[in-house]
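This briefing concerns one structure, which is shown below. The points that follow are grouped by topic.

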Amino acid sequence: KLQLQNLKADIYTTHQVSSVMKSHSEVAALSDNTSSDTSVIHIDPNIKHQKMWGFGAAITDSCLANMDRLSSDQRKNLMTKMFDPEKGAGLNILRLPIGSNDFALSGYSLDDTPGNKPDPKLKNFNPDHLQPLIQFANEAKKYNPHLEVMITPWSPPAWMKDTKSLNGGQLQKKYFGAYADYLIKSIRVLQAHGVAVKQMSILNE
């Protein structure tokens, strides 16, 4: 049985409108006291199953925008609480989006073309949107040198899809190779700037 007596947990509350952290409440005390209506979880450390890779967070455009609103001291404090293994949560996984996502400020890929004109040679590939992510990842690594990165695209470039849209649709088979090259180019840009990619998913969810 996991002993909870005298352990404490911090409680953070976010605002319904602003995604910036709103308040830090009084510390809540944990206890082993249970009633008949309480669910009890028994943990046996001697029984092992799969190995946990770790715990982490996804960094999106809106997240970066809110981080930029913090003062230098606030940002340092938040980064410490998120990534520092000794003084904070010690998050060791960072998921970076390739192109826009649910929490992007606009819709884009890293190879947008006028009128969604096909670009199988990726001549229009533009990694500018990766730069803020690269900066954040390298900053986070200063707090946790063991940080590992995975990347996830939410959509291929619109011109690769049958709908010519970032929303919905299917990747056309004739662009399978171009999409693979697109992901490889993204990884190489990250690696060239000190961000080694440990894992990649072909698409979100």
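Three bridges join β7 to β8 (residues 197-200), and the two strands run parallel; strands count as paired if DSSP finds at least two bridges between them. Helices (H or I, at least four residues) and strands (E, at least two) are DSSP runs, numbered from the N terminus.

Basis of the values
- Residues are numbered from 1 along each chain as its sequence is written, and side-chain values use heavy atoms, with hydrogens and water left out.
- Because the model is predicted, local features need pLDDT of at least 70 and side-chain atom pairs count only at pLDDT 80 or more, whereas totals for chains, interfaces and linings use all residues.

Strands and crossovers
- β6 and β7 also pair in the parallel sense, over six bridges.
- Within this pairing, I98 has P153 in β7 as its bridge partner.
- Two right-handed β-α-β units are formed, one by β6, α3 and β7 and one by β7, α4 and β8.
- A crossover is right-handed if, with the strands pointing away from the viewer, the path from the first strand over the helix to the second runs clockwise.
- Five of the six residues of β7 are buried, where buried means under 20% relative accessible area, exposed over 50% and partly exposed in between (1.4 Å probe, protein chains only).

Nonpolar core
- The largest nonpolar core comprises 35 residues, and F83, L94, L96, F136 and Y182 have the most contacts inside it.
- Such a core is a set of buried Ala, Val, Leu, Ile, Met, Phe, Trp, Tyr and Cys residues joined through side-chain atoms within 4.5 Å.
- α4 provides the largest share, seven residues.
- In soluble globular proteins, nonpolar side chains tend to be buried together.

Helix α2
- The twelve residues of α2 should span 16 Å at 1.5 Å a residue, and the end C-alpha atoms are 16 Å apart, which agrees; the expected span is 1.5 Å times one less than the number of residues.
- R75, M79, T80, M82 and F83 are the buried residues of α2, and they pack against α1, β6 and α3.
- Not counting residues up to four places away in sequence, F83 touches G90, L91, L94, F136, A140, Y143, N144 and L147, a contact being heavy atoms within 4.5 Å.
- K81, also in α2, is partly exposed, with a relative accessible area of 34%.
- K81 and L91 lie ten residues apart in sequence and 9.0 Å apart in space, C-alpha to C-alpha.

S109 in the loop between β6 and α3
- S109 is located in this loop and counts as buried because its relative accessibility is 3%.
- The S109 side chain reaches the backbone nitrogen of D111 at 3.0 Å and makes a polar contact with the side chain of D112 (2.7 Å).
- A polar contact is a pair of N or O atoms within 3.5 Å; within protein, one must be able to donate a hydrogen and the other to accept it, and residues adjacent in sequence count only if both atoms are side-chain atoms.
- Leaving aside neighbours within four places in sequence, S109 is in contact with G99, H129, P157, L166 and Y182.
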